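Trainee: I am new to this structure and would like a close look at a single part of it. Could you set that part in its surroundings and then take me through it carefully?

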Amino acid sequence: MEKIKDSSIAGSFYPADKEELINLIEGFKNANKNYYELSARAVIVPHAGLIFSGRLAYEGINQLDKNIKNLFIFAPAHAVGFEGLALTGYDKWQTPLGEIPINQVICDDIAQNYGANFNDDAHEPEHSIEIQIPIIQSVFNDINIVPILIGRENFEVVGQIIEEYYQDPENGFIISSDLSHFLTDEEAKKLDNTTAQMIETGELNGFRYDQACGALGIAGLVDFANRKGFSLIRIDMTNSGEVTEDKTRVVGYGCWFLYEGDKNQFIKKYYSDALISLVHLVIESKIKSTNVTVNYPQVLDEFGACFVTLEKFGQLRGCIGSIIAHQPLINDLIAHSSDAAFNDYRFNPVTEDELNDLKVSISILTAPKAIEFDGEQDLLNKIVPNKDGIIIRDGDYQAVYLPSVWEQLPDKAEFLNSLKVKAGLSANYFSDTLEAYRYETVYIKE
């Protein structure tokens with residue numbers, strides 16, 4: 001006889017009435033404002049009551065590939081403490097929208113190969129998995145779930161499971177996690193932005209469990225993404241105060257999807273035209289003293305560094321940018337669009353009669369990495385022409401060249417000597433205190 005798990009949270013975390021639940025989820029569908037026109041196989045979504053975080057959870061789950069047949073749900077255990085991972089022995093899970101099957105073949109495999117245990121007592125009162133199921137039932141017509149609660153476990157184990165089962169394109173993954181808990185709106189946004197930067201850069205050093213209740217699941221997915229060279233793209237971030245209007249004690253919510261590639265390449269592939277148009281709009285609005293209002297995807301709210309280059313009749317007309325990401329990419333782009341047009345000391349400010357003649361290019365930078373070298377020749381040997389952007393620094397002297405400069409200076413020695421002169425040093429200067437960094441760029445050109 002099949003074992004069916006009855007709902008533990010219908011009537012509390014979501015409506016027990018079927019029609020009311022359908023109408024609530026239909027409202028999320030109609031409010032879906034951040035959908036990217038591509039499918040993913042892994043997402044991070046929140047797990048509060050549906051009236052608080054359901055819109056964001058729907059947007060994440062709806063981002064998943066509709067060909068997925070097995071959907072793993074990694075979630076934290078709030079009610080029962082245990083070691084390792086907890087599977088369930090139930091065959092199906094019941095909600096007001098009907099039953100959804102549990103893939104017990106995969107559950108048995110995980111138990112055998114990853115030391116997970118079957119623990120229905122942990123699943124019985126838990127909301128962090130079930131809260132996703134009505135949305136899954138609304139988005140998918142034919143799917144199995146693999147519910148996995150995370151207890152006291154190493155996040156690498158989660159990453160290993162994802163890596164093992166990701167090889168089958170019919171498998172997808174949900175990481176169920178809220179962000180900060182019970183801070184003021186201002187405090188929550190500050191902490192959640194820090195958490196978002198860690199997720200989006202793949203930098204887990206210093207990631208604390210109190211930043212997100214599903215921190216182990218998040219860290220496992222980030223660990224997997226780092227190993228594969230994948231990126232986590234932001235869908236949206238918010239907190240409970242936007243629903244309750246109480247800003248004194250909020251819970252943070254964030255949503256990301258896994259992209260099988262580099263984030264900057266993602267931006268170039270899908271948003272090149274929009275970014276070029278934005279640069280023109282910023283310059284024109286500055287000249288005409290009009291306001292800039294733009295709708296943009298949340299990925300541009302991720303921190304990023306860029307250069308904006310302007311050309312007129314094939315000649316440089318302005319170029320200013322940032323080396324280190326210190327603000328959302330959208331803000332960096334807007335600021336440097338204006339700076340390149342009006343604050344590049346080498347040129348007079350752009351005028352209205354030049355607007356139609358300007359050509360724009362945008363360089364989005366990766367984070368600089370130090371080059372370890374022993375002497376100038378060793379440094380030259382390690383520089384990769386036509387790929388590396390180079391930063392040099394020695395005390396107060398510093399200069400940077402974009403990779404595009406290789407077009408004018410293809411010889412490595414000439415490239416480095418010119419960069420030293422740009423920094424205010426002599427071309428033949430070298431010292432033991434000289435530092436060098438490399439970075440790469442993604443170019444978006446008109």
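**A helix pair in its setting**

Mentor: In this predicted model, residues 24 or more positions apart account for 77% of the contacts in the protein with a separation of 6 or more. Along its principal axes the C-alpha trace spans about 80 × 55 × 40 Å, and the protein holds 13 helices and 20 strands.

From these elements, let us take helix 10, which covers residues 263–288, together with helix 11, which covers residues 329–342. Two packed helices are described by the angle between their axes and the distance between the axes. Here the angle is about 45° and the axes lie 9 Å apart, which makes helix 10 oblique to helix 11. The crossing in which helix 10 passes helix 11 is right-handed.

If you now follow the side of the contact that belongs to helix 10, you will find Ile267, Leu275, Leu278, Val279, Val282, Ile283, Lys286 and Ile287. Helix 11 brings to the contact Leu329, Ile330, Leu333, Ile334, Ser337, Ser338, Ala341 and Phe342. Taken by kind, the residues of the contact of helix 10 with helix 11 comprise 13 nonpolar, two polar and one charged.

Notes: Residues are numbered from 1 along each chain as its sequence is written. This is a predicted model: local features need pLDDT of at least 70, side-chain atom pairs count only at pLDDT 80 or more; totals for chains, interfaces and linings use all residues. Side-chain values use heavy atoms; hydrogens and water are left out. Axes are lines fitted to C-alpha atoms, for helices over the stretch in contact, and angles run from 0 to 180 degrees between N-to-C directions. Helices (H or I, at least four residues) and strands (E, at least two) are DSSP runs, numbered from the N terminus. Angles under 35 degrees count as roughly parallel, over 145 as roughly antiparallel, 65 to 115 as roughly perpendicular and the rest as oblique. A crossing is left-handed if the near helix is turned anticlockwise from the far one by less than a right angle, and right-handed if clockwise. Contact means heavy atoms within 4.5 Å. Ala, Val, Leu, Ile, Met, Phe, Trp, Tyr, Cys and Pro count as nonpolar, Asp, Glu, Lys and Arg as charged, and the others, Gly among them, as polar.
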